Amino acid sequence: EYMGLLYFKMTLEATMICLDNSDWGRNGDFPPTRWESIQETTRLLYEAKLSANRESTVGLLSMAGYRVDVLVTPCTEDGRLLTATQGCKVGGDKVDLIKSLEIAMLALKHRPNKKQAQKIIVLLCSKLTEEADALVQLGKKMKKNGVGLDFVNIGCKENVDKIQKIIENVNNSDNSHMLHLDIGVMNVADAVVSSPINQGGPIPAPAAIGNAGVGAIDPNMDPELAEAIRQSLEEQKGMLQRTHADAPREEKKEEKKEEKKEEKQEVVKQPAEGQELSEEDELQRAIALSMAGAGPEVKKEIAESIAEVKKEKPIEEKKEIDPSTLLENPDFVSDLLKSLPGMTEEERMKVMSEMNADKKGEAKKAR
């Protein structure tokens with residue numbers, strides 16, 4: 001797939017590839033992630049340069065983390081480059097671009113073959129914090145030392161103006177380029193390999209790689225395929241936009257559901273402290289709790305069950321008993337006397353007989 005690109009005639013070069021291994025690389029907007037896209041792009045770039053000219057050398061440098069680190073000095077061994085690329089870990093909130101470029105220049109200055117052209121390739125996926133003036137001064141220094149600079153800016157539009165300024169001050173006989181990739185490019189490696197950064201040719205039209213997201217496809221070579229990819233990416237972008245637009249509506253629906261549940265729960269009030277509930281009140285409260293989170297069908301069944309219970313078992317009113325009438329009941333008085341301590345059976349019988357005599361006397365008087 002890449003044979004025509006990898007064996008494109010290239011000049012004898014010593015190249016330092018600067019990798020952005022900051023935490024921004026964890027972002028998945030360039031599948032699979034920005035950092036994995038950078039790793040794959042790095043592999044294709046050093047394979048292309050080493051295959052194009054056996055005397056060309058490539059080195060690697062990481063720009064984020066505890067310090068700027070030279071992973072591999074310029075060499076011709078692709079095995080060392082592959083090991084260093086895979087072994088580099090993501091870490092750090094930003095890159096130190098100025099220090100990274102200065103160290104890369106120093107590594108190229110000590111190249112064994114002085115006939116090699118000097119080139120630095122920066123694969124950037126995070127926001128630059130350096131001032132534009134400082135980058136311009138560094139660009140002039142690089143031009144003075146004959147160092148070319150290629151920039152691949154992945155996803156961060158804020159960097160474009162700063163990168164353009166440094167490229168303008170470094171560029172000498174078209175030895176420096178910038179490639180900005182917007183979100184939507186499905187394969188960063190393809191876009192970089194088909195760009196002037198790898199070929200050394202003129203900059204392709206923005207429609208070929210930038211906002212359109214066609215990647216490595218040249219519309220002039222295969223217009224039908226490029227158009228199909230462009231339409232597919234536009235449909236995917238539209239789906240993402242609709243998804244983001246529907247998200248707030250779903251959140252509002254969930255909020256309304258929660259509010260309704262809270263209102264239903266508030267209807268079932270807790271009894272006041274120290275207040276005792278009757279059996280009927282407790283039954284009503286239990287029914288209200290069960291109906292608070294129930295659906296309309298369940299509520300209907302509960303209401304029908306309650307109606308049936310009321311028909312079958314009507315609530316009987318409690319009759320109040322007059323304590324004075326209890327003493328007129330012989331059975332009650334007899335049981336009461338038995339429960340008294342020290343009361344003999346003879347004494348109990350005597351009291352009961354006197355009680356019966358009194359009742360008979362009152363009955364005669366009544367007549």
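The legends below describe an overview and several close-up views of a predicted model.

Local features are reported where pLDDT is at least 70 and side-chain atom pairs where pLDDT is 80 or more, while totals for chains, interfaces and linings use all residues. Residues are numbered from 1 along each chain as its sequence is written, and side-chain values use heavy atoms, with hydrogens and water left out.

**Figure 1. Overview of the chain.** The secondary structure consists of 15 helices and six strands; helices (H or I, at least four residues) and strands (E, at least two) are DSSP runs numbered from the N terminus. Of the 367 residues in the chain, 36% are buried. Here, buried means under 20% relative accessible area, exposed means over 50%, and partly exposed is in between, with a 1.4 Å probe and protein chains only. Among contacts (heavy atoms within 4.5 Å) with a separation of 6 or more, 69% join residues 24 or more positions apart. The chain has an accessible surface of about 23700 Å², and 52% of that surface belongs to carbon and sulfur atoms. Accessible areas come from the Shrake-Rupley method with a 1.4 Å probe; for residues, only the protein chains shown count as cover.

Figure 2. Lys119 and Glu13 form a salt bridge, with their closest N and O atoms 3.8 Å apart. The pair links distant parts of the chain, since Lys119 is in strand E4 (residues 117–124) and Glu13 is in strand E1 (residues 13–19), 106 residues apart. Both Lys119 and Glu13 are buried. A salt bridge is defined as a side-chain nitrogen of Lys or Arg within 4 Å of a carboxyl oxygen of Asp or Glu. The whole structure contains seven of these salt bridges.

Figure 3. In helix H2 (residues 34–52), Arg43 and Glu47 lie four residues apart, about one turn of the helix. Salt bridges that share partners also join Glu13, Lys49, Lys119 and Asp150 into one network. The closest N and O atoms of the Arg43 and Glu47 salt bridge are 3.1 Å apart. Arg43 counts as partly exposed because its relative accessibility is 26%, and Glu47 is partly exposed at 26%. Arg26 forms a salt bridge with Asp23 at 3.4 Å, N to O. Arg26 counts as exposed because its relative accessibility is 55%, whereas Asp23, at 34%, counts as partly exposed.

**Figure 4. The surroundings of Val152.** Val152 belongs to strand E5 (residues 147–154). With a relative accessibility of 0%, Val152 counts as buried. Leaving aside residues up to four places away in sequence, Val152 touches Val122, Leu123, Leu124, Leu179, Leu181, Val192 and Ile197. Val152 and Ile197 are 45 residues apart along the chain, and their C-alpha atoms are separated by 8.5 Å.

**Figure 5. The buried residues of helix H6.** In helix H6 (residues 160–170), the buried residues are Val160, Ile163, Ile166, Ile167, Asn169 and Val170. These buried residues pack against helix H4 (97–109), E4, helix H5 (132–144), E5 and strand E6 (177–181).
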